[in-house]
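User: I have a model open and would like to talk it through before I plan anything around it. Could you take me through what it shows?

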Amino acid sequence: MNTPLFESNLKSLKLRHRGKVRDIYDIDDRHMLIVTTDRLSASTCAGRPDPGKGAMLTAMSNFWFWRARAS
């Protein structure tokens, strides 16, 4: 099992935004890095963290990024 990530801290990149479950960093003028964490959000049931939520949200995002690019 992977260790849950509740907050990223990448000192080499500028933090652009920290949301409910994602941290967004600027890489350069045209690129960003989106880090999906296991923080609690409104979709979390019973107020407990879900260690696999970050991986699941990343997989869903990757699917839609691919789908939007293909159309």
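**Confidence first**

Analyst: This is a predicted model, and within the protein chain the confidence is highest in β1, at 95, and lowest in helix α1 (residues 53–70), at a mean of 82.

User: And what does the chain average in pLDDT?

Analyst: The average pLDDT of the protein chain is 82, and 80% of the residues score at least 70. Where pLDDT is low, the predicted coordinates should not be read in detail.

User: OK, on to the strands. In what order do they sit in the sheet?

Analyst: The open sheet is formed by 3 strands in the order β1-β2-β3, with antiparallel pairing. Its edge strands are β1 (14–18) and β3 (32–36), each of which pairs on one side only. On average, neighbouring strands of this sheet are turned by 25 degrees against each other, if direction is ignored.

User: How many bridges join β2 to β3?

Analyst: Strand β2, which covers residues 22–26, is joined to β3 by 5 bridges, and the two run antiparallel. Within that pairing, isoleucine 24 has isoleucine 34 in β3 as its bridge partner.

User: Switching to charges, how many salt bridges are there?

Analyst: The count comes to 3 salt bridges. In one of them, the side chains of arginine 18 and glutamate 7 meet at 3.9 Å, N to O. Because arginine 18 lies in strand β1 and glutamate 7 in the segment before β1, this pair ties together parts that are 11 residues apart in sequence.

User: What else does arginine 18 meet in a salt bridge?

Analyst: The side chain of arginine 18 also meets that of aspartate 23 in a salt bridge, at 3.0 Å from N to O. Through such shared partners, Glu7, Arg18 and Asp23 are joined into one network.

User: Is aspartate 23 buried or exposed?

Analyst: Aspartate 23 is buried, with a relative accessible area of 0%, whereas arginine 18 counts as partly exposed at 31% relative accessibility.

User: Which residue does aspartate 26 pair with, and how far apart are they?

Analyst: Aspartate 26 forms a salt bridge with arginine 16, their side chains meeting at 2.7 Å, N to O. Aspartate 26 lies in strand β2 and arginine 16 in strand β1, so the pair ties together parts that are 10 residues apart in sequence. Aspartate 26 counts as buried at 18% relative accessibility, while arginine 16, at 51%, counts as exposed.

User: Why does 18% count as buried there?

Analyst: Aspartate 26 counts as buried because its 18% falls under the 20% cut-off for relative accessible area.

User: Now threonine 37: where is its place?

Analyst: Threonine 37 is in the loop between β3 and α1, and at 0% relative accessibility this threonine counts as buried. The side chain of threonine 37 reaches the backbone oxygen of valine 21 at 2.7 Å.

User: Last topic, aromatics. How many pairs does a search of the whole structure find?

Analyst: Searching the whole structure finds 1 aromatic pair, formed by phenylalanine 63 and tryptophan 64. The arrangement of phenylalanine 63 and tryptophan 64 is edge-to-face, with 4.8 Å centre to centre and 85 degrees between the planes.

User: How accessible are phenylalanine 63 and tryptophan 64?

Analyst: Phenylalanine 63 counts as partly exposed, at 38% relative accessibility, and tryptophan 64 counts as exposed, at 53%.

Conventions: Residues are numbered from 1 along each chain as its sequence is written. Side-chain values use heavy atoms; hydrogens and water are left out. Two strands pair if DSSP finds at least two bridges between them. Helices (H or I, at least four residues) and strands (E, at least two) are DSSP runs, numbered from the N terminus. Axes are lines fitted to C-alpha atoms, for helices over the stretch in contact, and angles run from 0 to 180 degrees between N-to-C directions. Rings of Phe, Tyr and Trp (its six-membered ring) pair if their centres lie within 6.5 Å; planes under 30 degrees apart count as stacked, over 60 as edge-to-face and the rest as tilted. Buried means under 20% relative accessible area, exposed over 50%, partly exposed in between (1.4 Å probe, protein chains only). pLDDT is the predictor's confidence in each residue, from 0 to 100. A salt bridge is a side-chain nitrogen of Lys or Arg within 4 Å of a carboxyl oxygen of Asp or Glu. A polar contact is a pair of N or O atoms within 3.5 Å; within protein, one must be able to donate a hydrogen and the other to accept it, and residues adjacent in sequence count only if both atoms are side-chain atoms.
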